[in-house]
Amino acid sequence: MQKIFHRVRFSVSVSALITLLIGFSLTLLLFASVRQVESTRQNVQFQQNAKLRMIAVTSGLQDAVEQVVVLNQVFRTVGVISRQQFHVFTTPLLERYPQIQALSFQRVIMHADRQAYETQMKHRHPDFMISEIVNGVQQRAANRDHYNVVDYIEPMAGNEAALGLDTAIAKDQVPARIASRASGQVAATGLLSLAQNKGWHTGFLVLAPVYLQGAPLDTVAARNRSTIGETAAVFRVEHLLEAILGKAGFLNVPGMTISIFSSPDAEPAHLAFRHGEPLTAPDNSKLFPHWFWFDSSAPASETFSLAGRPWHIEVSQAASPFTTANNGSLYVLLGGILSSILAAAYVYAVVSRSETIERVTNERTAERTAALQFANLRLSEDLALRVRTEKSLRLRERVIEVSANAIIICSASAPEYAIEYVNPAFEHITGYSAADVVGRRLESLQGNSQDQQNIEEIRTALREKREGHALLRNYRKDGTGYWNDLFIAPVQGDDGVISHFVVAQYDITAVMRYEAELEFQAKHDTLTGLANRNLLRERLTHAIADAERNGLPVWVLFVDLDRFKFINDTLGHEAGDILLKTLAMRLQSVARDADTVARVGGDEFVLVLPEYTNDAPGLAVLQQIMEAVAQPLILEQHEFFLTCSIGVAIYPRDGLTAEALTKHADIAMYRAKETGRNTFQFYTASMNERTLDRLSIEADLRHALVRQEFTLHYQPQICAISGSIVGMEALIRWNHPVHGMISPDRFIGLAEEMGLIIPIGAWVLSEACIQTKAWQQAGLGDLRVAVNLSARQFTQKNLVQSIADVLHATGLEPRFLELELTESMVMNDVDNAITILRNLKGLGIHIAIDDFGTGYSSLSYLRRFPIDVLKIDQSFVNDLMVDADDAAIVVSIISLAHSLRLQVVAEGVENAEQLAFLRAHGCDQMQGYHFSRPIAADEFECLLRADQPFSTTTSFTATQAASNASAMKALLKLI
């Protein structure tokens, strides 16, 4: 019997084991199929993610290179810009792309110009020299035929080492430089060590050539001859790529490695960037393939071109256990194992019925044992829970003690609600100690109920025994007030009855003060403290509503300072700020309490004057404002006399809304400026049409230079003795595509206001020099060209250098350039003007005072100015034959100029009588319609090629001589 029992047991075990093996085999096959599907899906997902990163890198690098194209386009359009213009243009580019290490302009310097160039640069940088890097050491550059010098570089901070660096011998830059100059496009270098950051493979450069403006560029040889420099961008490769990938959120993926090479293939020697650890190939030599237990994907790679140089990017993903991201196969594996075990158990149960009784007995015994163990466990858990509860209560007590917010516990008994406990934070916030308040009523802490707008909410919560919340202003023990956010909540006792209240106070005084400051800043100008646009709109709308009810008008005044930009540009923004603050106080002193004074931007102010019943008080206020502005002002030891232009719009005659009134007052203000400034104008409907025309001109003027709509006309200057052409004055014209040829009178003033006069003036100077040099090379004579200089150009800090750059770029000798300045320009700041004029004379150019006689220069100042020519204003020439005073003035100007060894040029000569008078009194040169109107360059060239002198031999009659004699007598009497 014993043997049979053992045989049965053996049979049961074998049956269960076979069942288990079959189940495991089926489970393994199903698991392999599911893993194959998951591995394929994982690889597809990885390839998509890798492609996104490749696109982000290529597009980000191309976008960074595009900034070099943008900078280079400025040089190609305008020519070589000044150092200040380079700084102004590159600053927003560097702010928008902080990953750019530096933007620079590398100028080609010939060896013959090296000493002059270094001397000039030492004025800005005393230690400056043209340097080179030899064996990793930066030293003074050796002598060679030419140098490729880093002339401009922004930002200067952190890039000082690169200023003056000669890159012509940098072997790692030569291929890119040759490619860019030959193609005219951008070209990138390989990885190289930067002068700013010592090390190996720290970055790369992108170069773009700058050609001589107007030179032929149709062949490679022509482009190489015309190259005068190149714009360049320096990139720290690791910073640039980290910024590109970090911005797209691609740097935080565990296990993913991104490798970027500056070569067509994944060559370790050209590794530019790597994020993550390099991966090893999976080992497939074991019983199961690698994908069976791990998720892995083949690396993705792509080769792309960056500024003509091939780059390679490779993205790979580290292998991870299949359980990391795939639960399907895990569930299949676990489910199959469990099913196999259950099937084997079922077979075992069916075959082994003989063991049922013994198993049941054992199970019951186990249940009793488990019940006893469970009871012991519950007892242990109850004891542990009680210990944790006691610790939690002690922790809460400590939290209340160290809380930064005031905590009060009071009785729930009405109406006293006696205070039973306060924490240390309460004493710190209110100044009351626990001894001061324990036992007192809760309401005793609230102070005057009239200051507590929300106190009733707390009282109601106490009566109704519920939670409450209110924003209250309380008072400390020393009487100072503070704001607090107060919460109150009931506390139940063991019997479920509310026995106490917990009160929490949050001190929000700083928050309330900050909100008040924000509200003030949102409605007031930060510089002057006046109302800003937001508060102006609010008050003007309110004034209009009041005026609609009471029927009284509202005056809106738009005030703009005259010549504020000149002061701002001359003395700096700090002096400009002082001026604006002073003007704000003066305007407030004129206004009433009911009036509003607002600053709406720059030097523009708006005043709202409600309830003016007639014109007399309003006109008086206008006069008071102009007188207040005109009071002398001392800035940096300079005395200024300011004026303003005022535009007036009146509700309801000129508009029914705040926006309409402000707009119409602004239009009237511009009309006041057009009529001569220092006056006021009331709005009329016709002004709106004039403003629309002005806006149209302004919009087109911003694009006229880029669209090449400007052209130069030339008016000949005639020698009074020989009648030959000795020079010409270059005069700008605007060939508008819709309005046709527009005279300077319509757009030069706008260009001054809009700040466009600087690039326009630079274009005129460059174009005039190029044309004059071309005529000289064509054998048409050594002509001198006269170019008008605007007030904004004259106050440029880099004026002398910019003119020297134009002369150098165009090849025109300085003696053939004459700059014309008005009297008012040089008399605004005499000492500074003398310094500038002497620096200009140092270049070898001629200086002329234009429109002489219309300003307020004196003989003492005139003797100090280093000038060559006086130009008599045409207003005197027009009437010299009929006005004895004008004739006397012309004669005295000629005599004065000759006594100072200056030449005299008369403008506006329109008839033979004027010509004869001027020639008889020794005028050196003349220009005017009598000889020629300003004409285009091709017509002027025909005039030069004709080589026909103008007649200047008209006789001077006795009557005219007698007239001049009487004029001289009148002048002597005046003297």
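**Close-up views of a predicted model**

**View 1. F680 and F682, a pair of partly exposed rings.** F680 is partly exposed, at a relative accessible area of 23%; here buried means under 20% relative accessible area, exposed over 50%, and partly exposed in between, using a 1.4 Å probe and protein chains only. F682 is partly exposed too, at 25%. This is a predicted model, so local features need pLDDT of at least 70 and side-chain atom pairs count only at pLDDT 80 or more, while totals for chains, interfaces and linings use all residues. Residues are numbered from 1 along each chain as its sequence is written, and side-chain values use heavy atoms, with hydrogens and water left out.

Rings of Phe, Tyr and Trp (its six-membered ring) pair if their centres lie within 6.5 Å; planes under 30 degrees apart are called stacked, over 60 edge-to-face, and the rest tilted. By this rule there are 17 aromatic pairs. F680 and F682 make an edge-to-face pair, because their ring centres are 6.1 Å apart and their planes sit at 85 degrees.

**View 2. F710 meets F747.** This aromatic pair is tilted, with 5.8 Å from centre to centre and 35 degrees between the planes. F710 belongs to strand β26 (residues 710–719) and F747 to helix α20 (residues 744–754), so the pair ties together parts 37 residues apart in sequence. Helices (H or I, at least four residues) and strands (E, at least two) are DSSP runs, numbered from the N terminus. F710 is buried, with a relative accessible area of 7%, and F747 is buried at 0%.

**View 3. Helix α14 against helix α18.** Helix α14 (residues 533–550) packs on helix α18 (residues 658–674) at an angle of about 110 degrees, with the axes 9 Å apart. Axes are lines fitted to C-alpha atoms, for helices over the stretch in contact, and angles run from 0 to 180 degrees between N-to-C directions. That makes α14 roughly perpendicular to α18 (under 35 degrees is roughly parallel, over 145 roughly antiparallel, 65 to 115 roughly perpendicular, and the rest oblique). R537, L540, T541 and I544 of α14 touch A658, E659, L661 and T662 of α18, where contact means heavy atoms within 4.5 Å.

**View 4. Two buried cysteines.** C410 counts as buried at 0% relative accessibility, and C644 counts as buried at 1%. How many disulfides turn up in the whole structure? The search finds zero, taking a disulfide as a pair of cysteine sulfur atoms within 2.5 Å.
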